[in-house]
Amino acid sequence: MNIKQLHTQEKPVSAISLFKSELGNATAIQILQGETLKEHITKIPALLICVEGEVVFENEKGIKETLKSGDFVNIEPMVKHWVEGTVKSQLILIK
């Protein structure tokens, strides 16, 4: 199945679990152009991978990274962060 087929256009930001185990999980995220995955905190380290599109990842420490297809960013635990879609984008979050 193609990652794009998991999401509809009805929601500006959508997250669907791809895989769960006792040790971690992977989540498919879609962010539409001009939309924001609002600020939040993760309790454990995470890896955000841009599969398609372009997003801007920012955190409260002043980190600002533009992610394009194939780019990734390590997300620190207990640090507020958010993601903005500059174009329709598909991401995978691994925790």
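**Entry 1: Lys 80 and Glu 39.** I looked up Lys 80 and found that it forms a salt bridge with Glu 39, with the closest N and O atoms 3.7 Å apart; the term denotes a side-chain nitrogen of Lys or Arg within 4 Å of a carboxyl oxygen of Asp or Glu. Lys 80 sits in the loop between strand S7 (72-75) and strand S8 (81-85), and Glu 39 belongs to strand S3 (residues 36-40), so the pair ties together parts 41 residues apart in sequence. Strands here are DSSP runs (E, at least two residues), numbered from the N terminus.

I noted Lys 80 as partly exposed at 34% relative accessibility, and Glu 39 as partly exposed at 44%. The classes are buried (under 20% relative accessible area), exposed (over 50%) and partly exposed in between, with a 1.4 Å probe and protein chains only.

**Entry 2: basis.** I record that this is a predicted model, in which local features need pLDDT of at least 70, side-chain atom pairs count only at pLDDT 80 or more, and totals for chains, interfaces and linings use all residues. Residues are numbered from 1 along each chain as its sequence is written, and side-chain values use heavy atoms, without hydrogens and water.

**Entry 3: the whole structure.** My search of the whole structure gave three salt bridges.

**Entry 4: Lys 61 and Glu 76.** I found a salt bridge between the side chains of Lys 61 and Glu 76 (2.9 Å, N to O). Lys 61 is in the loop between S5 and S6 and Glu 76 in the loop between S7 and S8, so parts 15 residues apart in sequence are tied together. Lys 61 counts as exposed at 54%, whereas Glu 76 is partly exposed at 36%.

How values were computed. Helix = DSSP H or I, 4+ residues; strand = E, 2+ residues; numbered from the N terminus.
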